[in-house]
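Biologist: I'd like to learn how to read helix packing and nonpolar cores in a model. Could you walk me through an example?

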Amino acid sequence: MPSAAFIWAKVLGHIENKMGAAATSAWFDDTNVVEITDHQLILSTPYEYQQDVIQRRCMEYIQDAMRELYNQEVEVVVLLEENVEEYKSRMEKPKFVEFNPEFTFEKFVVGSSNRFAHAAAVAVANNPAGAYNPLLIYGPSGLGKTHLLYAIAAEIHKQHPNYNIVYIKGDQFTNELVAALQEGRNIEFRSKYRNADLFLMDDIQFIAGKASTEEEFFHTFNTLYEAKKQIVLTSDRPPEEMLKLEDRLKTRFQWGLQADIIPPDYETRMAIIKNKATSLGLEMPDDVCAYIAENVTSNVRQIEGTVKKIMAYQKLNGMNIDVPSVSRAIKDMYKGKTEALPTPSLIISEVSRFYSIPESTLRGTLKNKGTAEARQVAMYLIRQLTNLSLPDIGREFGKDHSTVIYAIRKVEKAMDQGGVLAETIRDITANINNRL
């Protein structure tokens, strides 16, 4: 990248051709460059009137010059000199966030169900922004996607301690964007993510259907990709099944590598159980390990939770670790999928997360269009996915049963017509099922 002095000289030359030497000197002799990146130019000037003139009369010329240099839109910001130090302090690279020390490559149990995803993650960690950029790891909840994401971060930090590593969940990205727009912190928001050397996003599916979030993520993705920065994403399904995700994002996800993780097979479950028991200092007989592996089959998180529960029973109740005792202790953890019904709280939580609306608002009385639709969807899904009666559903929201009937009929009518709401119901239902 050319030096800041070279770039700024080119910009001033362009401005001089448009405004003349005298005007350029009058307004820019006291102007200094604070920072230049391939997507942003930050200037400072000592006087408010000078800042005002540059913003009103000269901005177009500056942006034209930067566009010629970078062949893309570049954001231009003019600060007062008195605010430069505050800006620099806010823009300092964040310190590396120490992830769960359990989530490393060494502690990831590799089996046939996750071998490809693990190999891809190791390759990315050893060669960031190499062949696999972006890397998208997808599969149901609780199978180790986040473990691999954190392991990549830990390994890259070990090899490149000065890398700016940024991690965010899909729904948190939306929430931060909304807050930035409300508080006028667009520059800080963009700098936080577009200056990353390693960008990690968990649960990318939660940005689907949110137009402003998808737009912001699209430009963030392009900036990072063009700057040869590594992007790693996770989701609970492949991009082609995210019906509300923009096609231009689906296409970009295909530029790199997609790796799926499926529920572990018997041998992998046995290895996970023994590995977890060893890490907890728990002696687990082979027949008990086999019993757990045969009956707890859903996901890694559930398997590890089972081992933790057995240890708790042993420590707190003095339970013998044998098959009959373990069977009684964990019988509630291996119900068949058909027996597992989501709770109203789980459904409301997922609807709230999908629509980016607080649960308290969803259960409240606010009646704007977005909140009303989300509340009706929650009522409909509780009716479809649980055994609650209409009055019981109403009590979850402080409504009577007639309001619930109205909500359900309205959603059913919209679903009969297909379209966006039908896709929304499908996506939320998938999210709920992944948490069972």
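This is a predicted model: local features need pLDDT of at least 70, side-chain atom pairs count only at pLDDT 80 or more; totals for chains, interfaces and linings use all residues.

Biologist: Which residues in α7 meet which residues in α9?

Modeller: A general idea to start with: an α-helix has 3.6 residues a turn, so residues three or four places apart point the same way. Here, Phe-173, Thr-174 and Leu-177 are the α7 residues in contact. Their partners in α9 are Ser-212, Thr-213, Glu-216, Phe-217 and Thr-220. Sorted by class, this contact has 3 nonpolar, 4 polar and 1 charged residues.

Biologist: At what angle do α7 and α9 pack?

Modeller: Helix α7 (residues 170-183) and helix α9 (residues 211-226) pack at about 100 degrees, and their axes are 10 Å apart. That angle makes α7 roughly perpendicular to α9.

Biologist: Which residues of α12 are buried, and what covers them?

Modeller: In α12 (residues 286-295), the buried residues are Val-288, Cys-289, Ala-290, Tyr-291, Ile-292 and Ala-293. Their cover includes α11 (266-279), α13 (300-317) and α14 (323-329).

Biologist: How many residues does the largest nonpolar core have, and which have the most contacts inside it?

Modeller: In soluble globular proteins, nonpolar side chains tend to be buried together. In this model the largest such core has 26 residues, and Val-351, Tyr-355, Val-377, Leu-381, Phe-397 and Ile-428 have the most contacts within it. Two or more residues each come from α15, α17, α18, α19 and α20. The largest share, 7 residues, is from α17.

Biologist: What does Val-351 touch?

Modeller: Leaving aside residues up to four places away in sequence, Val-351 touches Leu-362, Ala-374, Val-377, Ala-378, Leu-381 and Ile-428.

Technical notes:
Residues are numbered from 1 along each chain as its sequence is written. Side-chain values use heavy atoms; hydrogens and water are left out. Axes are lines fitted to C-alpha atoms, for helices over the stretch in contact, and angles run from 0 to 180 degrees between N-to-C directions. Helices (H or I, at least four residues) and strands (E, at least two) are DSSP runs, numbered from the N terminus. Angles under 35 degrees count as roughly parallel, over 145 as roughly antiparallel, 65 to 115 as roughly perpendicular and the rest as oblique. Contact means heavy atoms within 4.5 Å. Ala, Val, Leu, Ile, Met, Phe, Trp, Tyr, Cys and Pro count as nonpolar, Asp, Glu, Lys and Arg as charged, and the others, Gly among them, as polar. Buried means under 20% relative accessible area, exposed over 50%, partly exposed in between (1.4 Å probe, protein chains only). A nonpolar core is a set of buried Ala, Val, Leu, Ile, Met, Phe, Trp, Tyr and Cys residues joined through side-chain atoms within 4.5 Å.
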